[in-house]
Amino acid sequence: MATDCAAWLNANPVEAEDLSDSFASGEEDNGGSVINNKNINNEINGNWVSSSSNSIHEARLKAKAKRRLRKNSSRDSGRGDSLSDNGDAVRGTTVAPTSPKSKLLDRKSRLGKGRGLPKKGGAGGKGVWGRSGEVYEPEQVDEKDPNYDEAQENCVYETVVPPLDERDFEKTVTPIVQEYFEHADTNEVAELLAELNLGPMKSEVPSLAVSLALEAKASQRELTSRLLADLCGSILSRGDMESSFDKLLQELPDLVLDTPGAPQLVGQFIARAVSDQILSKSYIEGYKGRVDCEYARAALDRAAVLLKMNLGGLRIDNQWGSGGGQRPVTQLIKEMNLLLKEYILSGDSKEAERCLKDLEVPHFHHEFVYEAIVMVLESKGEKTFKMVLQLLKSLSSSSVITVDQMKRGYERVYMDIAEINIDVPRAYFILEQTVDKSFSMGIIDVKLRDLCPCRGRKRFVSEGDGGVIKIESY
C-alpha cells in the first residue's frame, strides 16, 4: 500500500496548502482555532505520531493519497482503472457519473456486454413457456429414477361419470326432451343421453318423455313417438321400453288429474310403439284379465282398437298428424275452409279457436282471415256476415290472430278484389260494408280502413240517354 501511495504522489504532487480537507484530529477546535502542531501529538488516520513537522506533513500526504486512491478505485471499479508496472495510474474511458435514480431505470447491461437480445433467446422470463413454435416431445421415463414405479407404466386413466339418482335424473333429462321439441333432432338427444351414466334409470326415459308429451301439442307427441323409435336399440332396449310403459299404466290415475284424456293418449302411444316394433305384439295380450284400474283398461282397449284398424288400412304412424310447418299449403287452406264451414253451422267460436290453434300455423293465420272475408263476399244474407265478423273479433281479442296477421289478410283481399269482382259483381260494395263494420268493432285501425279500394260509381249511360252522366251505387 505504501508503494502505491508513493507512486500516486509522484504522479500527482500535492501542495501543503491543499490539505484543508484532511481530518486530522485536533486540527480544529470549537472556535476554529488552530493548535500548534509542534507542541502536541497528532492523530493521522487513527495513528498517533510525534509532533515533528516533517513526519506530520509526510503522514498527511500519505493519508491524502490513500483517501483519493480509495475513492477513485471505488468510483471507477470495473471501468479499466489500474496501475502500470512503474506505479503510474492508467485510467480507462471516463464516464460521467449518473444519479442513483437513473441507474435504477437503466435496463442496459452494467458490464456493457451482449447485443441487447432477450435472455435465453426469448424462452426465459416470467410467464414464458418456451420459444414460440417450439414443440415438446413426450418425456422419456427414466427407469433409474428412485421414484420410478413399473406398475404405473401401463396404467390407463378414464373419466368416471357417477350414475344419476332419481332426483338428478328428472332435472337433467327434462331440459333435453323439452329442447328436442324445438329442434326435433333425435341424434342430438341420443348423444346427450350417451354422455350420461343413466344406470338403472334408463327405463325412466320413455315414461318421462311421454308424460311431457301428454301436455304438449299433437306435433310434439309425434316427435316423441319418433324419438322412442330412434332410441330403441342404440340407447334403450325393448325391456326398458316395456318397463317404462308398465310404469305409465300404473301412473295413469295421477296423470288423469292433469290431462283428462291421458288414457286415450297413452293407448295411442302404445299402439304406435307396437307399430314401430319397439314393443312386442304380445304386450297388450299379456294384460288381458290382469288389469284392475279402469284407466289402464281404457288405454289398452284404445291401443287394441287402433291396431285392428291398422290391419284394415289405417296408418298408425300418422295418427298424431304432422306439424303445421310440415304440412302442404293446400292442405292447410282446405282445413281452414272446413273450419269456417263448421263454425257457420255450429256457431261455436271457442271450438273454432281451439281448432285454429291445433293447426299450429300462427305465421299462416293471414290465410284464415283472407278465406273468412272471401266467404263473406261470396255469401248471401246477413248471417254469414255477422258470424264471421264476430269470430274475427273474438280471435283478435284473444290474440290468437295478431294485428300483423289480421292486417296482412285484409291487404290480400284488397289486392285480389278486382279478380273476385269478376265472379261476385257486388264484391266492392260488400267489402266496403265489411271494412266499415270491422273498424267500428275494433278489428282493424283507421289506416287499414282507408286503404280499402272502391270502384268509381260514375259511369256513362247508353247513347240513347244523350250522354247524361248517371250516378248509381252497386
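**Cavities in the model**

In this predicted model, the protein contains 2 cavities of 30 Å³ or more. A cavity here is a set of points, on a 1 Å grid over the protein atoms alone, where a 1.4 Å probe fits but cannot get out. Rolling a probe the size of a water molecule over the atoms shows where empty space is left. The second largest cavity has a volume of about 30 Å³, a volume being the space filled by probe spheres set on the points, with grid points joined across faces, edges and corners.

Ser225, Leu228, Phe269, Arg272, Ala273, Asp276 and Ile278 line the second largest cavity; lining residues have an atom within 4 Å of a point. Helix H7 (218-231) and helix H10 (262-275) are the elements that give two or more residues to this lining. The largest share, 3 residues, comes from H10. By residue type, the lining of the second largest cavity divides into 4 nonpolar, 1 polar and 2 charged. In this scheme, Ala, Val, Leu, Ile, Met, Phe, Trp, Tyr, Cys and Pro count as nonpolar, Asp, Glu, Lys and Arg as charged, and the others, Gly among them, as polar.

**Basis of the values**

Residues are numbered from 1 along each chain as its sequence is written, and side-chain values use heavy atoms, with hydrogens and water left out. Because the model is predicted, local features need pLDDT of at least 70 and side-chain atom pairs count only at pLDDT 80 or more, whereas totals for chains, interfaces and linings use all residues.

**The chain as a whole**

The secondary structure of the protein chain comes to 18 helices and 6 strands. Both are DSSP runs numbered from the N terminus: helices (H or I) have at least four residues and strands (E) at least two. Of the 474 residues in the protein chain, 33% are buried. Buried means under 20% relative accessible area, exposed means over 50%, and partly exposed lies in between (1.4 Å probe, protein chains only).

The protein chain exposes about 31,400 Å², and carbon and sulfur atoms supply 50% of it; accessible areas come from the Shrake-Rupley method with a 1.4 Å probe. Among contacts (heavy atoms within 4.5 Å) between residues at least 6 apart in sequence, 63% join residues at least 24 apart.

**Salt bridges**

Side chains of opposite charge can pair when their charged atoms come close. A salt bridge is counted where a side-chain nitrogen of Lys or Arg is within 4 Å of a carboxyl oxygen of Asp or Glu, and the count comes to 11 salt bridges. Among them, a network links Glu222, Arg226, Arg272 and Asp276. Arg272 and Asp276 also belong to the lining of the second largest cavity.

**Pairs within one helix**

Glu58 and Lys62 form a salt bridge at 3.6 Å, N to O. These two residues are 4 residues apart in helix H2 (residues 53-75), so about one helical turn separates them. Glu58 is partly exposed at 45% relative accessibility, and Lys62 is partly exposed at 38%.

In helix H13 (residues 349-358), Glu351 and Arg354 are 3 residues apart, about one turn of the helix. Their side chains meet in a salt bridge at 2.5 Å, N to O. Glu351 is partly exposed, with a relative accessible area of 33%, and Arg354 is partly exposed at 42%.

Lys247 and Glu204 form a salt bridge whose closest N and O atoms are 2.2 Å apart. Lys247 lies in helix H8 (residues 238-250) and Glu204 in helix H6 (residues 204-214), so the pair ties together parts that are 43 residues apart in sequence. Lys247 is partly exposed, with a relative accessible area of 26%, whereas Glu204 is buried, with 17%.

Methods
On a 1 Å grid over the protein atoms alone, a cavity is a set of points where a 1.4 Å probe fits but cannot get out, and a pocket is an open set with protein on both sides within 12 Å along at least five of seven lines; lining residues have an atom within 4 Å of a point.
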